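Student: Hey, could you walk me through this one? I'm new to it.
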Amino acid sequence: MNGGAYVLAREHFAVRDFGAWVGVAVGGVEDVGGWSPTRTAEVGSWFTRHGARVTAAAVLVDTRSEPYGPEGALVTDAITYTDGSLGMRWAFGRRVEVDARGGIRFISRGALTGTGRGTRPFAAVDAAIWVTPR
């Protein structure tokens with residue numbers, strides 16, 4: 001069984017079609033009887049115009065790896081990485097939304113790569129059709 005808990009504090013600033021945010025979070029994940037604490041810091045901005053929104057964000061994550069090692073032994077590694085991403089959201093009418101995001105993970109410490117450093121790209125596309133106005 002596993003689970004997690006986080007407390008997030010975020011401040012938003014907006015002027016017309018532009019906005020930005022900064023935030024910090026603490027928490028962690030419980031898995032296989034071990035607790036992996038996690039701390040994050042984030043900054044981001046957005047620009048909205050004519051039903052479309054462009055966002056840019058950077059999130060610094062400091063956590064621990066999943067447990068590994070000989071049976072009965074709990075071994076984890078410290079992991080630190082930064083995700084930088086760009087995204088685009090389009091709204092079509094009031095009921096259809098499409099989101100696309102891509103970015104790169106800059107790994108600076110830990111078991112995510114053989115050397116503890118490196119980069120990895122990521123991308124996602126989501127779509128939603130709202131069945132009610134709210």
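Predicted model: local features only at pLDDT ≥ 70, side-chain atom pairs only at ≥ 80, totals over all residues.

Student: How many helices and strands does the protein chain have?
Tutor: There are 0 helices and 7 strands. Both are DSSP runs numbered from the N terminus: helices are H or I with at least four residues, strands are E with at least two.

Student: Ok, new topic. Is Thr 63 buried or exposed?
Tutor: Thr 63 is buried, because its relative accessible area is 14%. Buried means under 20%, exposed over 50%, and partly exposed in between, with a 1.4 Å probe and protein chains only.

Student: And where is Thr 63?
Tutor: Thr 63 sits in strand S4, which covers residues 52-64.

Student: What does Thr 63 touch?
Tutor: Leaving aside neighbours within four places in sequence, its contacts (heavy atoms within 4.5 Å) include Thr 38, Asp 77 and Ala 78. The C-alpha atoms of Thr 63 and Ala 78 are separated by 6.0 Å, though the two are 15 residues apart along the chain.

Student: What about Val 43, where's that?
Tutor: Val 43 belongs to strand S3, residues 34-49. Val 43 counts as partly exposed because its relative accessible area is 44%.

Definitions and conventions
Residues numbered from 1 in each chain as written. Heavy atoms only, no water.
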